[in-house]
Amino acid sequence: MTQPKKLFIKTYGCQMNVYDSERMAEALGGNGYVEVGSPDEADMILLNTCHIREKAAEKVYSELGRFKGLKSEKPDLKIGVAGCVAQAEGEEIMRRQPMVDLVVGPQSYHRLPEMEAKAGAEKVIDTDFPEEDKFEKLKSRPKAKRGPTAFLTVQEGCDKFCAFCVVPYTRGAEVSRPVERVLAEARDLVDRGVREITLLGQNVNAYHGAGPDGGDWSLARLIRELAEIDDLARIRFTTSHPNDMDDDLIAAHGDCEKLMPYLHLPVQSGSDKILKRMNRSHDRDSYLRLIERIRTARPDILISGDFIVGFPEETDEDFRDTMRLIEEVNYGQAFSFKYSTRPGTPAAERSQVPEDVKSDRLQELQALITRQQRAVQDAMVGREVGVLIERPGRMPGQMVGKSDHLHAVHIQCDLAPGSLARVRIVESGPNSLGGELL
Ligand code: SAM
Ligand code: SF4
C-alpha cells in the first residue's frame, strides 16, 4: 500500500478561509494527501492567505522565508499559496519567492488537484474568475464523521465597493450558490454528525441563490428550508450588511426556532460624514432603526459589529459619534480595526489620520466594547440557555460548548460532543461562562 502524502495547511483570516481550507484539504485527499499539524513532516505546504489589512502580503513572504530550510532539505516538498494574497500578488509571489510551486486564487480551488499534480515539475498559477461553481466542482466531502459544528459557504464576493475594502477586487463579483447544492451539502454534514451550521458569505444576507422552483431564494427562505432538516439543531449566518437585512430575515429571527439569537451586523462608523465617504450606503439613523426592529423581533438577540477607526479625514467629533453609537446599541461582541491603507481602493488616495491618533482611538473604543461585552456576558448569570456540547474542557469531568448567544460555557457533565443541553448559567469569567445542567 502506498503511504499517504502529508499536507500542512495554514489558514489566515476569516471563517470563509477556514471553510475553503477544509474543502481544499478534502480535494487534495483525492491526490493521496492526509492533513498533518506541522510543516516539518509535510510533503506539501499550503498557505491560505488573507489580504484584508496591510502587511498581509509581507507576513506571507516572511512565513515563506521560514520554509526555505525545509525546501532545501526536502527538494520534493511542494509549496503553495492560496487565498486573497495569491489573488492580489499573483506571479509576484513566485518572483519574490522562487521556491513557491503553486499560486491559486480563491475562485480556482476546484482546479487545485490538477495544479498539484503538475506542481514541482513546473510552476503553476491560476488567479482567474471562472464562470463555474467551484464548490460543486470540488470533490464532495468524504463521509467521515465530523464535529458538531460546521461552516458552509453559500455566497461569495461583493459588489458594494466600500472605499476601504479589497474584497470586491480579490473575491470578485457577488455570486450565490444554488439552493439545492446548499441543501445537499447541509444534509450531508448533518448525516455526518453536524448539529449546527453557520452559513457564510462576505455579504451573506445578500444571498439570492437559484431555487428549485426557478426563482431566486432569499437567505431567510434558505434558512427556513434548512430548518426542516430534522437533526440540524442550530443555524447561524455571517457576515451581514445592514442594507440587506430584509423584512423576512428580521422576522425569521423571531419565528424560526433554529435560528440562533446572535447577529453580526457591521456598521464601521457612527458618523454620517464618514459612512458617506466609506460608500457604506446606510447612515447612522437607518442602522439604529434597523437594530430596533431586529430587537423587536427577537428581544434577547446578541448584536455584534465591526468598526474601523482612523478612516481618512475622521475627526475627533466623528470618532465621538462612533462612541455614542456604540453606547446606544450596546454590543455583546465586536471586532475593531485601525484603518489600513489598501492600494487600489479609493480611500488609499485620501488624506490619512496619523498612526498615533488611530491607536489612541482604537484603545478607547476597545475599552468601551470590552465593558459592554462583559456586562452582556455577566447578565447571563441566572439565565437558562441551550448549550451545544463541543469538546472536553481542561478540568477533569468538564465539557465545553457554545450557548445560543455564542458564549463559551464550561459544564461539569458527561454529555458527548453533539449533545444539546439545557443549562443554568452560574458564573461569568473573563472569556467564558460556567453553567450547571438542568
Ligand atoms: N461585508 C462585511 C461588511 O460589509 O461589513 C465585512 C467583511 S470584511 C471581510 C471584515 C471587516 O474587515 C470589515 O467589516 C471591516 O471592519 C474590516 N476591514 C475591511 N477593510 C479594512 C481596512 N482597509 N482597514 C481596516 N479594516 C478593514
Ligand atoms: Fe468589503 Fe463588506 Fe464593504 Fe463588501 S460590503 S466592500 S465585503 S466591507
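A residue counts as buried when its relative accessible area is under 20%, as exposed when that area is over 50%, and as partly exposed in between, using a 1.4 Å probe and protein chains only. With that in hand, let's start at helix α1, where M16, N17, Y19, D20, S21, R23, M24, A25, E26, A27 and L28 are buried. That makes eleven of the 15 residues of α1, so the helix is mostly covered. Helices here are DSSP runs of H or I with at least four residues, strands are runs of E with at least two, and both are numbered from the N terminus. Helix α1 covers residues 15–29 and reaches 21 Å from its first C-alpha to its last, close to the 21 Å expected at 1.5 Å a residue. The expected span is 1.5 Å times one less than the number of residues in the helix.

A word on what you are looking at: this is a predicted model, in which local features need pLDDT of at least 70 and side-chain atom pairs count only at pLDDT 80 or more, while totals for chains, interfaces and linings use all residues. Residues are numbered from 1 along each chain as its sequence is written, chains are lettered from A and ligands numbered from 1 in the order in which they are written, and side-chain values use heavy atoms, with hydrogens and water left out.

Now to ligand 1. Which residues come nearest to ligand 1? Of the 18 residues around it, they are F164, Q202, Q268, D306 and S340; a residue is near a molecule if one of its heavy atoms lies within 4 Å of it. Several of these make polar contacts, that is, pairs of N or O atoms within 3.5 Å. An oxygen atom of ligand 1 sits 2.6 Å from an N or O atom in the side chain of D306, and a polar side-chain atom of Q268 is 2.7 Å from an oxygen atom of the ligand. The backbone takes part as well, with a polar backbone atom of S340 lying 2.8 Å from a nitrogen atom of ligand 1. On its own, ligand 1 has 570 Å² of accessible area, and the protein covers 89% of that; such areas come from the Shrake-Rupley method with a 1.4 Å probe.

Strands β15 (302–309) and β16 (333–338) each supply at least two residues of the shell around ligand 1. By class, this shell has seven nonpolar, six polar and five charged residues. Here Ala, Val, Leu, Ile, Met, Phe, Trp, Tyr, Cys and Pro count as nonpolar, Asp, Glu, Lys and Arg as charged, and the others, Gly among them, as polar.

Ligand 2 has a shell made up of C158, K160, F161, C162, F164, C165, V167, P168, N203, H241 and R280. Seven of these residues are nonpolar, two are polar and two are charged.

Let's come back to Q268, this time for its backbone. Its phi is near 80°, a positive value in a residue other than glycine. Q268 belongs to the loop between β14 (262–264) and α12 (272–277), and at 7% relative accessibility it is buried. N330 also has a positive phi, of about 65°, although it is not a glycine. This residue is in the loop between α14 and β16 and, at 37% relative accessibility, is partly exposed. The chain also has a cis peptide bond joining T238 and T239, with omega about 0°; T239 lies in the loop between β13 (234–238) and α11 (247–255).

Finally, the charged pairs. The structure holds 39 salt bridges, each a side-chain nitrogen of Lys or Arg within 4 Å of a carboxyl oxygen of Asp or Glu. One of them joins E58 and R96, at 3.3 Å from N to O. This pair links distant parts of the chain, with E58 in helix α2 (residues 56–66) and R96 in helix α5 (residues 91–96), 38 residues apart. Another joins R284 and E328 at 3.5 Å, linking helix α13 (residues 284–297) to helix α14 (residues 316–329) across 44 residues. R284 is buried, with a relative accessible area of 16%.

Being four residues apart in α13, they are separated by about one helical turn.

Conventions:
A polar contact is a pair of N or O atoms within 3.5 Å; within protein, one must be able to donate a hydrogen and the other to accept it, and residues adjacent in sequence count only if both atoms are side-chain atoms.
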